[in-house]
Amino acid sequence: MKISITETDQSRISEVDFNHLQFGRIFSDHMLEMVYKDGQWHEPKIIPYGPIQFTPSMQALHYGQAIFEGMKAYHVDDETLHLFRPKDHHQRLNNSARRLCMPEIDEQIFIEGLEELISLDHQWVPKQHGHALYVRPFMFAAEEYLAAKVSKEYRFYVITSPVAAYYSEGFNPVKLTTSEKFVRAVEGGTGEAKAAGNYAASFLPAQNAQKKGFTQVIWLDAKEKRFIEEVGTMNIFFQIDEKLVTPKLSGSVLPGITRRSVIEIAKNWGTVVEERRVGIDEIIEAHKSGRLKEVFGSGTAAVISPVGVIQHGDETIRLDEEKIGPFAKKMFATITGIQYGKIDDPFGWTHPISLD
Ligand code: COI
């Protein structure tokens, strides 16, 4: 399918202070738009970024059929950008779409749409190491209909935003607390889909946690409130003795692409990686006995974020609250090294976009 391009006649790039980027506040000049109607996707269009029109009866606003992805484009040099594992993001988008009864998107259209959009707005990709162009594909139900039914119309967009680190703490470890009352997802629910509603459901408990001085909630399973799942903005890893332990994908955990990359890199280093049920009591015990060396989160936005504190009821695990641990630091250097093309990519994860 051909992608039509309408360029803006008024770039906003001169207004951007690339030295003081906040996560997700400013958006590049163009966006990709594609409409699903009459049982098929229609011609994708790249158009100037700006307001879109819809009516108040649009189904996504009422019944929440809305999903998204998050990936990044990295500046390698003046001729090359890298996207990181875009085909994995495409697959996850389609998995989310199937769970929410939404139409899938063809891989070629997805990849070509990203390539065209990012090449057109390549000047928006920050050059500073650690900064990147955050790429946000998303889809929502667009039929004008108040019946609680699967929509027959959808819209798909890709917008992009130059970003710095997601957590303003940067390398200062984040502080997490469990929630006694709330859960993020249940087995059989939508927890493993990247559904907008999962994030909406996490805001109240996250707000409560922030009022108590924590950065985020570390979610426990819904049944026993005992097994660790994820952090909502990232997956979580524990270094216990010399092993790397992470909650298995139980159906209520988001299958993070950075999570998968961390596992593959660690295995490649010869580290024993265990994907299994991880009880909060096990982590408290491992900490008490000195076996818990490091805790860190992984995510596209969060990259590798060290965890300094985990509170659970009366127990508080305090790790190094000042700095990132050696394992997380090496993991961060390796992942970002591959993403920015500074070190070899033996896994074939980088997807180059050439700018000639
Ligand atoms: C991402 O890491 O891309 C996400 O979607 C998390 C979001 C909360 C920023």
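1. In this predicted model, the ligand lies between two domains, because domain 1 (4–164) and domain 2 (174–339) both give residues to the shell around the ligand. These two ranges are those of the domain assignment of the protein.

2. The shell itself consists of 10 residues surrounding the ligand. Phe-68, Tyr-134, Lys-194, Thr-300 and Ala-301 are the closest of these. By residue class, the shell divides into five nonpolar, three polar and two charged residues.

3. An N or O atom in the side chain of Lys-194 is 2.7 Å from an oxygen atom of the ligand. For Ala-301, a backbone N or O atom lies 2.9 Å from an oxygen atom of the ligand. For Thr-300, the distance from a polar backbone atom to an oxygen atom of the ligand is 3.4 Å. On its own, the ligand has 280 Å² of accessible area, and the protein covers 90% of that area.

4. The relation between the domains also deserves attention. The centres of domain 1 and domain 2, taken over C-alpha atoms, are separated by 27 Å. To the contact between them, domain 1 contributes 21 residues and domain 2 contributes 21 residues.

5. The size of an interface is often expressed as the accessible area that is lost when the parts come together. Between domain 1 and domain 2, the buried area is about 1800 Å². Carbon and sulfur atoms give 58% of this buried area.

6. Polar and charged pairs also link the domains. Between domain 1 and domain 2 there are 13 residue pairs in polar contact, with both residues at pLDDT 80 or more. The count of salt bridges between domain 1 and domain 2 is two. Elsewhere in the list of charged pairs, Asp-88 forms a salt bridge with Arg-260, and their closest N and O atoms are 2.9 Å apart.

Methods: Residues are numbered from 1 along each chain as its sequence is written. This is a predicted model: local features need pLDDT of at least 70, side-chain atom pairs count only at pLDDT 80 or more; totals for chains, interfaces and linings use all residues. Side-chain values use heavy atoms; hydrogens and water are left out. A residue is near a molecule or strand if one of its heavy atoms lies within 4 Å of it. A polar contact is a pair of N or O atoms within 3.5 Å; within protein, one must be able to donate a hydrogen and the other to accept it, and residues adjacent in sequence count only if both atoms are side-chain atoms. Accessible areas come from the Shrake-Rupley method with a 1.4 Å probe; for residues, only the protein chains shown count as cover. Ala, Val, Leu, Ile, Met, Phe, Trp, Tyr, Cys and Pro count as nonpolar, Asp, Glu, Lys and Arg as charged, and the others, Gly among them, as polar. Domain bounds come from an automatic or database domain assignment. Contact means heavy atoms within 4.5 Å. Buried area is the accessible area (1.4 Å probe) that two parts lose on being put together, summed over both. A salt bridge is a side-chain nitrogen of Lys or Arg within 4 Å of a carboxyl oxygen of Asp or Glu.
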